[in-house]
Amino acid sequence: MIKEAEMDLKKYEIDQNNQTKIVVAQLNAYRGSENQDADMNGIPDVLEIGKQALEQQKINSDAAAKQLELNNKRRETEMKREIENKKIELEKQRMKHEIELQKNKDNAAMERERVKARTAIRNKVPGEGK
């Protein structure tokens with residue numbers, strides 16, 4: 001599970017590095033046209049592109065963080081389920097052992113009673129007929 005978490009983190013890092021490279025490439029494509037404003041809204045296009053790229057990166061980062069959180073919760077749930085299953089298995093083994101122990105105790109008690117009965121038959125008490 002730790003290995004899986006490390007893989008998720010590595011994937012997140014790779015995605016973020018790739019997204020950063022895309023933004024840098026876009027900004028380089030607009031180099032030299034810093035003062036252009038094609039939509040005439042008073043904000044240079046390069047700044048608008050950078051702002052959009054940052055917003056997209058934030059969205060991607062939030063999505064990746066949520067995915068990591070979901071994966072962690074899933075792993076945690078699996079670990080809890082595994083622990084519960086182990087507890088159940090241990091309880092079954094304990095119960096089986098207790099049943100076997102009780103059976104052995106019962107057999108020993110039965111054998112003691114048989115020995116007592118045989119001894120009583122062999123050893124007559126005064127007043128019993130021969």
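Let's start with D62. D62 is partly exposed, with a relative accessible area of 36%. Keep in mind that this is a predicted model. D62 has a partner: K58 forms a salt bridge with D62. The closest N and O atoms are 3.2 Å apart. K58 itself is exposed, at 53% relative accessible area. Both residues sit in helix α2, which covers residues 45–122. They are four residues apart, about one turn of the helix.

Why a pair like this? Side chains of opposite charge can pair when their charged atoms come close.

R118 is partly exposed at 41%. Elsewhere, shared partners join E91, R94 and E98 into one salt-bridge network. The count of salt bridges comes to 13.

Next, the other helix. Q19 lies in helix α1, residues 2–29. Is Q19 buried or exposed? Buried, because its relative accessible area is 17%, under the 20% cut-off. Leaving out residues up to four places away in sequence, Q19 touches Q56, Q57 and N60.

Last, the whole chain. It has two helices and zero strands. Of its 130 residues, 12% count as buried. The accessible surface is about 11,400 Å², and 58% of that belongs to carbon and sulfur atoms.

Definitions and conventions: Residues numbered from 1 in each chain as written. Predicted model: local features only at pLDDT ≥ 70, side-chain atom pairs only at ≥ 80, totals over all residues. Heavy atoms only, no water. Buried < 20%, exposed > 50% of the residue type's maximum accessible area, 1.4 Å probe, protein only. Contact = heavy atoms within 4.5 Å. Areas by Shrake-Rupley, 256 points an atom, 1.4 Å probe, with all protein chains shown as cover. Salt bridge = Lys/Arg side-chain N within 4 Å of Asp/Glu carboxyl O.
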